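Take a walk through this chain with the structure open beside you. Follow the elements in the order they come up below.

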Amino acid sequence: MPPHWSDINVILSKEFIIPSNKDIGAKIQQQNADQRCTYLCGNSLGPLTKRSKALLQEELDVWGTQAVQGHFAHPYGREWMNIADTVTPLLAELVGASEKEVACMGTLTANLHLMMSTFYKPTAQRFKILCESRAFPSDQYAFASQARLHGLDPNEAIIEMCPREGEFTLRESDIMDLIAKEGPSISLVIFSGVQYYTGQLFPMKSITTAAKAQGCVCGWDLAHAIGNVPMALHDWEVDFAVWCSYKYLNSGPGGIGGLFVHRKWENSLLPRYAGWWGHDPATRFAMPPRFSAIPGAQGFQQSNPSVLATVSLLGSLQIFKEVGMMGTLRKRSLRLTSELEMRLIKSKFYVPINEVSVQLQGNVDGKDDTAQQGQPGFTIITPRDPESRGSQLSLLFLPPGSNVMERVFNSLSAMGVVGDERRPDVIRLTPAPLYNTLGDCDRAASCLEEAFKGLTKANCEIGSLGA
């Protein structure tokens, strides 16, 4: 049995293979070189699990000993013909759906195009796409290309909703007001469940309800939400959703994606881009000339899924199930992220977000240049309300546009702390409940403090040389 979720001093699952300080090239004392690094980058790529590694080796062995027969006869009961069936129930549980509403397939952006080709049906009066500004670039490219596909100018068809001036995240009331105002002209409302840059958890239920009330289709990009926060897509009446699996689901780089289609569409929408893996499995290998779609989301499948990518995901999902799925993980996540936040805001280099907003606004207005000439510091642009974020905290480094972020990031890496940088000024740190502990939060905060002390010392030395 794994430790109780509430003991954040102990790793919840020992199934994860975390790189050592030596592995990542940290420049630390030799006696600590073989210790695991402080890995806070699961929002970008989850670590390998021992379970996934073992399953992958099993499939390689089956490939070597059974070859093509592995599709129909498998020594471990995972016939390749039905390999997606091993993960579909677990994915459905994570997103709050029935198995028929979920398909393990493809990759995120390819799935997004499939869903938009089905659900985005602009008319002369209702043609707009509403999304958050600074959505992940691949989403932006998909939205714009889909608009152009319908002969529309993306500048006119896409509404990118920005935070209020001096703020970094969107207010729920502003989203509701904009949907109410523009609703009759909006064809599709599509936000990220968790915003990749700021870490904001959008109120998915409320946005979906508001969109549906205006007659809009509502979809979600769940790349940073699945495996991070609890969801109930079916009950919320979400029309469709897409996701990847290599972040919080730990399936490995470029891992297989997934999609959700609400059951209400089962009998009224057919895949526009059919493929043989979406055909009724009872007759699939009879190779009939006419397509007969599997009812529900799985009818959107095109090609047979990668067995290796699927079992890599399976290894991680089995661990999710063993520890209690998202109810347990969300409770632990809330504690870990709050503990990290508490340690960060105690830093003497921390600047409250409201002060940063005033500084930046002053600089934009030309009233002063504090934001450009101030001392090195940081703020947290992720919402303070735990219910409005996942496990990620996004740190904005000051002064903006300087090289503070890059220098701090390099120092953290040298001390064995792995986060990820988003240029020009943000580092994301994410304590994942499956494999991070309070000790990781302590170390990240103390290393950040050391990085700033080294930075200010270096600045002082440069200043004295120029005096």
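Helices (H or I, at least four residues) and strands (E, at least two) are DSSP runs, numbered from the N terminus. This is a predicted model: local features need pLDDT of at least 70, side-chain atom pairs count only at pLDDT 80 or more, and totals for chains, interfaces and linings use all residues. Residues are numbered from 1 along each chain as its sequence is written, and side-chain values use heavy atoms, with hydrogens and water left out.

Begin with the cis peptide bonds. Pro399 sits in the loop between strand S12 (393–398) and helix H13 (404–414). Pro424 lies in the loop between strand S14 (420–422) and strand S15 (426–429). Arg423 and Pro424 are also joined by a cis peptide bond, with omega about 10 degrees.

Now look at backbone phi. Met325 lies in helix H10. Its phi is positive, about 60 degrees, although Met325 is not a glycine. Is Met325 buried or exposed? Met325 is buried, with a relative accessible area of 6%. Here buried means under 20% relative accessible area, exposed over 50%, and partly exposed in between (1.4 Å probe, protein chains only).

Met287 also has a positive phi, about 55 degrees, and is not a glycine. Met287 is in the loop between strand S10 (258–261) and helix H9 (307–323). Met287 is exposed, at a relative accessible area of 53%. Together with Phe72, Trp276 and Phe285, Met287 makes a nonpolar surface patch of about 420 Å². Patches are made of residues with over 30% relative accessible area and no salt bridge; like charges are joined within 9 Å, and nonpolar side chains (Val, Leu, Ile, Met, Phe, Trp, Tyr) within 5 Å. Accessible areas come from the Shrake-Rupley method with a 1.4 Å probe, and for residues only the protein chains shown count as cover.

Turn to the charged pairs. A salt bridge is a side-chain nitrogen of Lys or Arg within 4 Å of a carboxyl oxygen of Asp or Glu. By this rule the count comes to 22 salt bridges. One of them joins Arg51 and Glu15 at 3.4 Å, N to O. This pair links distant parts of the chain: Arg51 is in helix H1 (residues 50–66) and Glu15 in the segment before strand S1 (16–17), 36 residues apart. Arg51 is buried at 18% relative accessible area, while Glu15 is partly exposed at 22%. Glu15, Arg51 and Glu322 are linked in a network of salt bridges.

Asp440 and Arg36 form another salt bridge, at 3.3 Å, N to O. Asp440 in helix H14 (residues 438–466) and Arg36 in the loop between S1 and strand S2 (38–39) are 404 residues apart. Asp440 counts as buried at 7% relative accessibility, whereas Arg36 is partly exposed at 29%. Asp420 and Arg428 meet in a salt bridge at 2.4 Å, N to O. Asp420 is buried at 7%, and Arg428 is buried at 1%.

How many cavities of 30 Å³ or more does the structure hold? It holds 1. The largest cavity has a volume of about 90 Å³. Its lining has 13 residues, and Gly227, Tyr248, Phe320, Ala432 and Pro433 lie nearest its centre. On a 1 Å grid over the protein atoms alone, a cavity is a set of points where a 1.4 Å probe fits but cannot get out; lining residues have an atom within 4 Å of a point.

Definitions and conventions:
On a 1 Å grid over the protein atoms alone, a cavity is a set of points where a 1.4 Å probe fits but cannot get out, and a pocket is an open set with protein on both sides within 12 Å along at least five of seven lines; lining residues have an atom within 4 Å of a point. Grid points are joined across faces, edges and corners, and a volume is the space filled by probe spheres set on the points.
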